[in-house]
Amino acid sequence: MYLKWYVDLIPKFLMANGQLVKLLIHTGVTRYSEFKSVEGSYVYKAGKIYKVPADEKEALGSNLMVMFEKRRFRNFLVYVQEFNLGDSKTWKDIDANVTTTAQLYEKFGLDKDTADFTGHALALYRDDDYLAKPCLETINRIKLYSDSLARYGKSPYLYPLYGLGELPQGFARLSAIYGGTYMLDKQIDELVMEGGKVVGVRSGNETARCKQVYCDPSYVPDKVEKVGQVVRCICLLNHPIPNTKDALSCQIIIPQKQVGRKSDIYVSLVSYTHQVAAKGWFIAMVSTTVETETLSRIKLGLDFWDISKICLG
């Protein structure tokens with residue numbers, strides 16, 4: 001039977017020049033998986049969706065900022081691209097290990113709105129805690145975004161054909177070539193520990209010895225601590241998201257301050273071009289962090305309805 005739908009319950013776009021993509025290339029998994037560039041990267045501001053400017057040319061042509069702010073933002077992007085931790089001449093009197101990101105924004109005269117989409121749509125921070133931390137990581141994050149964008153041009157993101165499930169399948173195929181064995185639907189009775197370290201996995205009377213175990217937290221509930229919760233809404237659409245130039249795939253970031261929250265909201269869109277939906281259909285996933293102690297289904301429904309009106313038309 002031919003499957004027409006592949007819905008990732010934990011959606012994730014890959015940065016084209018990020019560590020995960022480099023790992024996939026290094027290990028050879030890319031021989032068994034195909035990837036397609038995501039067509040656009042957008043940010044929500046004051047009721048409208050805008051393309052995220054990632055270089056000097058886009059900064060000057062963006063409607064996100066007024067003219068004078070465009071030039072300040074352009075100067076900021078030039079500084080970030082030229083910054084080299086090993087060359088003090090590129091620092092311009094800024095010690096990235098000491099100067100906070102808020103101070104960096106202030107030095108270049110960026111207003112609050114520009115700083116907001118820079119931190120959340122370029123550096124991809126989920127909240128504003130980063131503003132009080134040294135700006136080196138922020139600079140590196142923006143450089144990664146720009147370098148990833150430069151690889152394919154439309155956006156910095158990649159997504160595998162047939163969904164993220166292709167990644168473990170790719171590793172399985174690669175492992176099989178080198179004699180690896182996969183056991184599916186195998187009951188796990190115990191993680192064998194010695195001296196406080198895991199040394200194996202027991203199933204019935206059989207024990208597989210190992211040095212490391214990668215598992216879902218449900219297998220080790222006594223060794224993990226819940227620090228947060230994510231809520232998602234899956235939307236099946238028969239049209240692209242409005243105001244994205246009919247992009248067949250994209251990501252929209254809704255910064256926290258734009259909707260009165262403490263953390264951002266992410267909208268990721270994939271479609272039949274990624275072989276994850278039937279012809280002419282789209283899958284939009286809205287994700288955010290739960291910020292209330294009690295998870296009210298009614299309130300979440302209303303919140304997502306508001307987001308759907310903003311982003312999905």
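The second largest pocket holds about 770 Å³ of space. This is a predicted model, where local features need pLDDT of at least 70, side-chain atom pairs count only at pLDDT 80 or more, and totals for chains, interfaces and linings use all residues. Residues are numbered from 1 along each chain as its sequence is written, and side-chain values use heavy atoms, leaving out hydrogens and water.

Of the 26 residues lining that second pocket, Pro11, Lys12, Phe13, Gln251 and Tyr266 are the closest to its centre. Elements giving two or more residues to this lining include β1 (14–15), α6 (136–152) and β12 (282–289).

As for the largest pocket, Tyr182, Met183, Val201, Val213 and Tyr214 lie nearest its centre. β8 gives the most to its lining, with 4 residues.

Here are the two side by side:

| Pocket | Volume | Lining residues | Lining make-up |
|---|---|---|---|
| Largest | about 980 Å³ | 22 residues | 13 nonpolar, 5 polar, 4 charged |

A pocket here is an open set of points on a 1 Å grid where a 1.4 Å probe fits, with protein on both sides within 12 Å along at least five of seven lines; lining residues have an atom within 4 Å of a point.

Now the helices: the axes of α3 (residues 67–82) and α5 (residues 112–122) come within 11 Å and cross at roughly 40 degrees. Contact (heavy atoms within 4.5 Å) is made by Glu69, Phe73, Phe76 and Leu77 of α3 with Thr114, Phe117, Thr118 and Leu122 of α5.

Definitions and conventions: Axes fitted to C-alpha atoms, helices over the stretch in contact; angles between N-to-C directions. Points joined across faces, edges and corners; volume = space filled by probe spheres on them. Nonpolar A, V, L, I, M, F, W, Y, C, P; charged D, E, K, R; others polar.
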